[in-house]
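The sequence and structure come first.

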Amino acid sequence: MTTQHVVDTTEEHAATTGSVPEPREVMPGVWTLPTEFPSKGQPLRYTLSYVLLDTAGGVHLIDPGVDTSANWKRLETLLASLGRELADIRTVVVTHLHFDHLGIGARVRAATGAQVVLHRLEQAAIDGEFGGADRERFERWGVPAARRGELDRVTQERFSKAQITADRLVEDGDVLEFPGIRLHVIWTPGHTYGSICLRHEEGKLVFTGDHVLPLLNPGLGLGGPTPSNPISDYLDALDRVARFDDHQVCPGHGYRFYGLRARCDALSAHHARRTAEVAEVLDRLDRPSVWQVASELYWSLGWENLSHYLLDSALAQVEMHIARLGRIAETERAA
């Protein structure tokens with residue numbers, strides 16, 4: 001399969017027009033649950049959460065979304081339409097620590113006793129084992145003083161909303177087994193260090209979280225400091241999921257599609273181009289800051305329009321590309 005094939009045009013329409021789609025049946029026993037962001041100013045309108053029904057009456061959630069009353073009602077409504085209720089929820093599996101995926105997990109557990117499942121390294125990031133939030137990066141990047149407040153709020157949100165202790169920690173290669181369901185855990189670091197994808201063996205589905213998205217190039221290194229370069233980690237992890245090209249991709253944002261290998265190839269090519277672009281700027285400018293390098297690059301929304309999460313992600317990735325080139329010493333911070 002060499003091209004991207006959209007599974008559901010209503011999902012594609014919602015993703016490209018800024019609306020929120022209705023839940024859709026993926027296959028018997030598996031449903032999408034679009035959960036909305038509370039702020040209309042977010043670049044994304046919703047998270048694609050997933051509801052899985054096992055053969056013993058249990059319910060299992062993947063990335064249940066932001067904790068809001070509206071999303072809680074969405075969950076109750078979908079379950080009722082399927083003949084289930086909140087008390088039937090057994091498990092909440094989370095692909096990574098961000099609040100738009102993990103957010104409502106603690107509330108679900110408190111109400112139902114469901115187990116929360118995370119990768120071991122994601123729990124370590126939440127617990128601050130890799131150094132927690134890198135609050136010195138704004139000075140290191142050369143961020144103008146007037147823009148540091150918005151980026152500091154990003155840091156506070158990212159980590160304050162991710163405080164949870166999972167009931168079960170998983171590793172790469174583990175299998176989550178529920179009645180009639182087997183989910184294979186694939187460790188896919190990059191977006192965050194403990195990010196995972198989940199392969200539904202029987203249904204030939206891959207739940208990719210934010211690792212592979214149909215429209216966006218996922219931000220990298222957005223789970224705090226890591227012991228390795230997130231870009232290198234990400235490129236390796238793309239290769240690990242690309243082999244499931246005959247599986248339907250069930251991402252955390254956007255819409256479901258086929259063509260996983262083609263999308264992984266496109267994401268890899270994007271980072272190769274970006275590395276080359278960063279090298280060109282470093283060749284042209286004398287000891288630029290990360291901020292200056294980023295401002296010289298092409299951004300689909302326009303550099304002047306990047307703010308908050310998007311700005312933070314852009315700057316972080318530019319620094320990663322500089323590091324992969326081995327040229328950190330050529331930036332202003334090395335003075």
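## Aromatic rings

Phe37, Phe99 and Tyr309 form a cluster linked by ring pairs. Rings of Phe, Tyr and Trp (its six-membered ring) are paired if their centres lie within 6.5 Å; planes under 30 degrees apart count as stacked, over 60 as edge-to-face and the rest as tilted. The model is predicted, and local features need pLDDT of at least 70, side-chain atom pairs count only at pLDDT 80 or more, while totals for chains, interfaces and linings use all residues. Residues are numbered from 1 along each chain as its sequence is written, and side-chain values use heavy atoms, with hydrogens and water left out.

By the ring rule there are 7 aromatic pairs. The ring centres of Phe99 and Tyr309 are 6.3 Å apart and the planes are at 40°, so this pair is tilted. The pair links distant parts of the chain, with Phe99 in helix H3 (residues 99-102) and Tyr309 in helix H11, 210 residues apart. Helices (H or I, at least four residues) and strands (E, at least two) are DSSP runs, numbered from the N terminus. Phe99 has 8% relative accessibility and counts as buried; buried means under 20% relative accessible area, exposed over 50%, and partly exposed in between (1.4 Å probe, protein chains only).

The rings of Trp187 and Tyr193 have centres 5.9 Å apart and planes at 75°, so they are edge-to-face. Trp187 is partly exposed, with a relative accessible area of 22%, whereas Tyr193 is buried at 15% relative accessibility.

A charge sits over a ring if NZ of Lys or CZ of Arg is within 6 Å of the ring centre and within 35 degrees of the ring normal.

| Charged residue | Ring | Distance from ring centre |
|---|---|---|
| Arg107 | Trp72 | 4.4 Å |
| Arg274 | Trp299 | 4.2 Å |

## Helix H8

Helix H8 (residues 230-242) has 13 residues and reaches 18 Å from its first C-alpha to its last, close to the expected 18 Å; the expected span is 1.5 Å times one less than the number of residues. At its N-terminal end the cap is Asn229, with a side-chain oxygen 2.9 Å from the backbone nitrogen of Ile231. The buried residues of H8 include Ile231, Tyr234, Leu235 and Leu238. Their cover includes strand S10 (181-187), strand S11 (196-200), H9 and helix H11 (308-324).

## Nonpolar cores

A nonpolar core is a set of buried Ala, Val, Leu, Ile, Met, Phe, Trp, Tyr and Cys residues joined through side-chain atoms within 4.5 Å. The largest has 41 residues, and Val212, Trp299, Trp303, Leu315 and Val318 have the most contacts inside it. Helix H6 (137-141), H8, H9, H10 and H11 each give two or more residues to this core. H11 gives the most, with 7 residues.

Val318 is found in H11 and is buried, with a relative accessible area of 1%. Not counting residues up to four places away in sequence, Val318 touches Val290, Val293, Ala294, Leu297 and Trp299; contact means heavy atoms within 4.5 Å.

Conventions. A polar contact is a pair of N or O atoms within 3.5 Å; within protein, one must be able to donate a hydrogen and the other to accept it, and residues adjacent in sequence count only if both atoms are side-chain atoms.
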